[in-house]
Structures are given as C-alpha cells and as structure tokens.
Amino acid sequence: MTEILAKSGNAAQGDATAFAYRGGLLHAEGVPLDRIAEQAGTPCFVYAGGAMQATYRALEAALAGCGLPTSICYAVKANPHVAVIRGFAALGAGADVVSEGELRRALAAGVPPQRIVFAGVGKTAEEMAFALETGIRQFNAESLEELKLLDAVAARLGRVAPVALRVNPDVDARTHAKISTGLAGNKFGIDLEQVPEALALLRGLPNLRLDGLAVHIGSQLVHAEPYEAAFARLAELARSLIDQGWELRHLDLGGGMGIPYGPAGAEGAATLSLEAYVAAVRRTVGGLGLPLVFEPGRYLVGNAGLLLARVLYVKQGRAKRFVILDAAMNDLIRPALYDAWHEIVPVRQAAAGAPAEPADVVGPICESGDSFAQDRPLPPLAPGDLIAILSTGAYGATMSSTYNSRLPAPEVMVRGGDSALIRARPDHAALIAQDRVPAWLEG
Ligand code: LLP
C-alpha cells in the first residue's frame with residue numbers, strides 16, 4: 001500500500017509526489033530511504049528532483065491563469081545546488097540571484113543571462129560589474145544610492161544597465177517577522193514616497209534604463225490578501241509611471257509563495273491558494289498588460305526535500321523523552337531561528353496502533369536551541385532507527401554551517417528510480433586544511 005506523505009509544492013494543488021511509504025518503508029520517489037542512508041550516510045539531504053520539476057510545471061500552468069506573459073525566475077537562495085537549478089533551467093526557468101556567487105551558480109547550471117534578475121540591498125560595485133558584463137536581464141535596485149553606483153559602474157564599462165525599482169509597499173505579509181520584507185520598517189525596497197525622487201534621479205543617469213518595477217513583501221506567505229494589497233500599490237504606481245511616459249517592459253512580483261509544513265490538520269499545514277494568488281494578480285496588475293516576472297524559491301523546492309537522520313539515543317529524562325539525532329541545528333537552522341515547524345516521521349512506518357508519545361527531537365550540539373521539535377507525538381523509536389525531517393528542500397542545506405566542527409551533510413537527488421550523490425560529505429582533513437596558522441605561531 002502506498003501512503004503519500006509529502007508532495008512538493010502544494011499537495012492540495014496536485015503537484016508531484018516526492019515522498020511516500022511503500023510497503024511500510026519511506027521512499028523518495030522510487031528510491032527507498034534506507035538505501036540512501038546506507039550509501040550516503042546520515043545526516044543527509046534528499047531531494048526529489050522529479051517532483052521539483054513537476055511542481056515547476058504545475059506552477060507555470062497556474063500562473064498562465066494571470067492571462068499575461070509570465071516568466072519564472074527561480075530564487076536560487078532557497079536551494080542553490082547546481083543540479084537543482086539545472087532541473088529548472090531545463091524547463092525554461094530563469095533565476096533570481098542576490099550575490100555574485102548565486103549568479104555564477106545560475107550560469108553554471110545553464111540559465112541564460114537574459115533570464116537572470118539580480119536582487120538584494122547590498123550589491124557591491126564588483127558584483128554589479130560582473131553582472132553587467134554577463135548581460136543579465138535586470139537589476140532590482142533597492143535604493144537611490146545603489147542607482148548612483150550602478151550608473152557609475154555601467155558608465156565605466158560602457159554599458160546601459162537594465163533596472164527595476166524594487167519598491168517597499170508598506171504591507172504586512174503576515175508571516176514570521178524575520179522573513180517579512182514589505183513593511184516601511186524593513187530594510188528592503190525604495191519607500192513609495194521616495195519613488196518620485198528616484199525617478200528624478202534616473203532622468204539624470206544616462207547609463208541606466210528603467211525597465212520595470214518590482215515588489216517582494218516576504219517569504220512563506222499563506223494569505224493572498226497581503227499580496228493583493230502590495231500588487232494594488234504596485235499597479236497604481238505603474239499606471240502613474242506609464243502616464244508620465246516611462247516605457248515599462250515588465251513587472252516583477254517577487255516570490256514568497258508559502259507551502260504546507262505539515263500534514264492536514266497539523267500546525268504548519270496552512271498553505272497559499274494559488275488560485276487566490278492568481279486572482280489577486282489579475283485584479284491588480286492584470287489590466288496593465290505588462291509581462292510578469294515571479295521569483296518563487298521555497299514553493300518549488302521546499303516540500304521536495306527532506307533531511308534524513310539516524311537516532312543516536314533515546315533518553316528518558318525526568319520530565320521528557322529526548323530523541324537525540326545525528327542531525328543538528330548546523331544542518332537545519334530553521335527550527336532554532338524561526339521556531340519553524342517541520343514534520344518528523346520514521347523511515348520505517350510505525351505499526352498500526354503503535355502508541356504515539358511526546359518527545360523532544362534534538363541534535364548533538366551543545367546548545368538547548370539545537371532542537372527540531374518539542375513535545376512531538378512520535379511512535380516508539382530506538383537507536384539506529386532512521387527518521388526524516390520533512391519540507392527541508394528550501395533553506396536547509398544552504399543555511400547550514402559547520403558549527404561544532406561538524407561535517408556538512410551530503411546531498412542526494414533522486415528522479416524516479418534513479419539516485420545520485422550530488423554533493424559528498426567532505427572529510428575532516430579538507431575542512432581543517434582551510435585554516436592557516438600565522439607564521440608567528442608555527443613551529
Ligand atoms: N525574491 C526576493 C527578493 C527574496 O528576498 C526572496 C526570499 C525570494 C524572492 C524567494 O522567496 P521564497 O519564494 O523562497 O519565499 N530563510 C528563510 C527564508 C528567507 C527568504 C528570503 N528572501 C526561511 O528559512 O524561511
């Protein structure tokens with residue numbers, strides 16, 4: 001019997017199955033996870049590459065409902081592995097990048113430069129120069145200061161930089177405070193009140209060409225209303241620019257589409273309705289007739305990844321049961337950083353009727369914050385058992401560190417019945433070799 005556990009994208013919207021129990025064993029697409037654990041070791045990230053691509057196609061189809069030409073620029077920050085980007089590039093995706101490193105990854109994955117947008121509040125002159133020489137589609141400029149620097153860099157290189165003004169619409173995205181970006185108090189975007197000043201500045205900067213407007217109000221949005229409010233402000237601004245004679249070529253509506261972080265009924269299960277999202281787009285910017293750019297990250301990869309870990313110990317404390325894993329906050333920081341809720345399941349399905357008892361699921365790092373879940377009802381677990389922390393395809397491996405001098409977790413991608421180790425676990429010697437001891441301490 002097959003019990004579907006996690007679909008990528010939004011399960012309710014019919015995207016591909018990433019993870020499911022088959023014969024009592026959790027599989028990534030067609031590959032049993034115990035086999036992956038044996039081959040790659042644990043902890044390790046597992047990505048359902050086929051499901052990622054299916055989610056891309058489903059999102060593309062849904063966005064076609066906007067009734068305008070659309071392009072998807074995958075937000076590389078969510079999962080910057082070249083194989084992940086390549087999977088989307090093969091389907092025609094562009095990329096949203098925020099650093100030279102991400103830009104180079106997108107290029108390495110085969111994303112054509114003319115499909116790459118460059119966002120971020122702190123682009124350096126060197127990054128601007130590299131992006132200009134590469135010939136990217138657009139810089140999403142976030143301040144007047146950035147416009148001046150970009151103009152100077154473009155002048156030096158004898159180029160014209162295509163620009164979109166990223167505006168801050170002062171809308172509450174109703175998401176976690178640390179990933180909310182569209183309020184006046186956030187560092188992102190140009191305040192709507194400063195846009196006239198930015199336009200006046202642009203008139204005097206001959207090496208910039210204003211192509212569009214951009215907005216991104218936050219990440220993991222599960223309500224369509226904040227989008228609608230932000231897009232309405234963007235539409236109003238776009239109309240006034242067009243009236244003033246600016247020739248806008250497109251609007252960039254950002255990313256942020258939320259995914260369910262748990263099965264139906266669980267705390268994390270709220271999700272964004274793509275239908276409501278598309279309706280909000282149509283009602284606001286729909287009438288302008290401008291092509292639209294979207295920058296989804298999490299939506300495309302989040303539920304198509306899991307963190308595979310092994311139980312080291314089960315410790316019965318006075319007040320609590322602790323399940324101690326070989327994965328830790330250095331592998332997945334989201335619970336510690338955002339109090340994020342991630343579904344945790346055993347790789348070998350619990351027997352029907354097995355008692356679920358609350359446990360704290362923790363890692364070996366020397367901090368009480370090194371915890372994946374508190375008081376989570378879990379079936380009986382024993383040392384050596386494999387468990388999976390779900391919905392970790394986005395902002396998982398990429399936010400990891402080597403804290404406590406732990407080795408980075410390897411990454412595995414599957415597609416159907418195939419699996420490939422797409423990043424190996426480095427050895428300790430390689431990491432230690434990165435440290436240099438100054439001459440005065442040698443000998
Ligand atoms: N575009 C811009 C300008 C962004 O700043 C972001 C995310 C995205 C697109 C993609 O957002 P997405 O579709 O993935 O929600 N580390 C946090 C998320 C940080 C998001 C930062 N910006 C987390 O683990 O929840």
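User: Hi! Before we start, what are helices and strands here?
Analyst: Helices are DSSP runs of H or I with at least four residues, strands are DSSP runs of E with at least two, and both are numbered from the N terminus. This is a predicted model, where local features need pLDDT of at least 70 and side-chain atom pairs count only at pLDDT 80 or more, while totals for chains, interfaces and linings use all residues. Residues are numbered from 1 along each chain as its sequence is written, and side-chain values use heavy atoms, leaving out hydrogens and water.

User: Thanks! How many helices and strands does the chain have?
Analyst: The chain has 12 helices and 22 strands. With a radius of gyration of 23 Å, close to the 22 Å from the globule rule for 443 residues, the chain is as compact as a globular protein of that length. That radius is taken over C-alpha atoms, and the rule is 2.2 Å times the number of residues to the power 0.38.

User: And how much of the chain is buried?
Analyst: Of the 443 residues, 54% count as buried. Buried means under 20% relative accessible area, exposed means over 50%, and partly exposed is in between (1.4 Å probe, protein chains only).

User: Let's pick a helix. Which residues of α3 are buried?
Analyst: In α3, residues 82–89, the buried ones are Val84, Ile85, Gly87, Phe88 and Ala89.

User: What do they pack against?
Analyst: Their partners include the strands β5 (44–48), β6 (70–75) and β21 (411–415), plus the helices α2 (49–63), α4 (100–108) and α10 (298–301). Contact here means heavy atoms within 4.5 Å.

User: New topic: cysteines. Is Cys44 buried or exposed?
Analyst: Cys44 is buried, because its relative accessible area is 0%. Cys366 is exposed, at 67%.

User: How many disulfides are there?
Analyst: The count comes to 0 disulfides, where a disulfide is a pair of cysteine sulfur atoms within 2.5 Å.

User: What is the phi of Glu29?
Analyst: Glu29 has a positive phi of about 45°, although it is not a glycine. Glu29 lies in the loop between β3 (25–28) and β4 (31–32), and it is buried, with a relative accessible area of 12%.

User: And Arg174? What is its phi?
Analyst: Arg174 also is not a glycine, and its phi is positive, about 55°. Arg174 belongs to the loop between β10 (161–168) and β11 (190–191). At 46% relative accessibility, Arg174 counts as partly exposed.
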